[in-house]
Amino acid sequence: MRYPIAIEPGSEATAFGVVVPDLPGCFSAGDTLEEATENAASAIAVWIDAARAAHESVPAASELGELQSRHPELAGWIWAEASAA
């Protein structure tokens, strides 16, 4: 399943931060945009595995536009999608 991710722009001095709004507490980072996206996929997989191991439900992925409107605090961030690795 592909989940929308929000990526906080990084710089030469700071990493790109990533949150997965559909999966509470699921976040990651990377030194490059590509690395941040790849790390987000790994974080999604770990989050899903942990939820299943705890017999908890795994939320369905939301529509990208829906998340953007529900999370104005992420305005200016880069939106993409990542699959569980």
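**Exercises on the fold of a predicted model**

The protein contains two helices and four strands, where helices (H or I, at least four residues) and strands (E, at least two) are DSSP runs numbered from the N terminus. This is a predicted model, in which local features need pLDDT of at least 70, side-chain atom pairs count only at pLDDT 80 or more, and totals for chains, interfaces and linings use all residues. Residues are numbered from 1 along each chain as its sequence is written, and side-chain values use heavy atoms, with hydrogens and water left out.

**Exercise 1.** Determine the order of the strands in the sheet.

*Solution.* Begin with the sequence of elements: from the N terminus it reads β-β-β-α-α-β. Next, consider pairing, which requires that DSSP find at least two bridges between two strands. β1 (residues 2–8) and β2 (residues 16–19) run antiparallel and are joined by three bridges; isoleucine 7 has valine 18 in β2 as its bridge partner. At its edges stand β3 (27–30) and β4 (78–83), each pairing on one side only.

**Exercise 2.** Identify the strands across which helix α1 lies.

*Solution.* Helix α1 spans residues 33–53. This helix lies across β1, β2, β3 and β4, contact being heavy atoms within 4.5 Å. Relative to β3, helix α1 runs at about 155 degrees; axes are lines fitted to C-alpha atoms, for helices over the stretch in contact, and angles run from 0 to 180 degrees between N-to-C directions.

**Exercise 3.** State what share of the residues is buried.

*Solution.* Buried means under 20% relative accessible area (1.4 Å probe, protein chains only).

Note on methods. Buried means under 20% relative accessible area, exposed over 50%, partly exposed in between (1.4 Å probe, protein chains only).
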